[in-house]
Amino acid sequence: MEEDKLTRAEALIEKGELDEAQKLIFSVKEKSGRKFFVQSKLYNAKGWYNEQRKQLNKAISADPENEEYKAELKELDELFQSDEYKLFLQEEKKQKRQMGGSDDMAECCCLCSCEACATGVCESCDGC
């Protein structure tokens, strides 16, 4: 039954129904590699790459032999090293400064109002 919920959550993520997918993921009590992996897919769909990376690391810790999890993490690490991603981060910091923010704001997890912070899932900050 738990596996069925995760399969349905993946389908919802594919369709862009992220709120419904998150509800299903949260309803799964078991902390398995698969649950962490599906959560990482949801974070990817939201563009929350730091949170995605944390979930992928949890998935690999829970299931160290899973090649799919490792491949996804490798792909994400390659994204972090890409010139396009570095340019994106520079532009994001520039926009935040123009809006009156500081570099400290740019270091916060995703957005200070992100769902991960609101639900206590975010591990990047102190619950901004």
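Predicted model: local features only at pLDDT ≥ 70, side-chain atom pairs only at ≥ 80, totals over all residues.
Which residues does K86 touch, not counting residues up to four places away in sequence?

View 1. K86 is found in helix 6. Leaving aside residues up to four places away in sequence, K86 touches F80 and Q81. Its relative accessible area is 39%, and K86 therefore counts as partly exposed, a class that lies between the buried limit of 20% and the exposed limit of 50%.

**View 2. Contact of helix 5 with helix 6.** Helix 5 covers residues 67-81 and helix 6 covers residues 83-98. On the helix 5 side, L79, F80 and Q81 take part, and they meet D83, Y85 and K86 in helix 6. Sorted by class, this contact has three nonpolar, one polar and two charged residues.

**View 3. Length of helix 1 and the residue after it.** Helix 1 has 14 residues (residues 2-15), which at 1.5 Å a residue should span 20 Å. The C-alpha atoms at its ends are 20 Å apart, in agreement with that value.

**View 4. Buried and exposed sides of helix 1.** K5, L6, A9, E10, L12 and I13 are the buried residues of helix 1. They cover an arc of only 165 degrees around the axis, and therefore lie on the same side of helix 1. These buried residues pack against helix 2 (18-27) and helix 3 (33-46). The face turned away from the buried side of helix 1 carries the exposed residues D4, E14 and K15.

Terms used:
Residues numbered from 1 in each chain as written. Heavy atoms only, no water. Axes fitted to C-alpha atoms, helices over the stretch in contact; angles between N-to-C directions. Helix = DSSP H or I, 4+ residues; strand = E, 2+ residues; numbered from the N terminus. Contact = heavy atoms within 4.5 Å. Nonpolar A, V, L, I, M, F, W, Y, C, P; charged D, E, K, R; others polar. Buried < 20%, exposed > 50% of the residue type's maximum accessible area, 1.4 Å probe, protein only. Expected span 1.5 Å × (residues − 1). Arc of directions from axis to C-beta.
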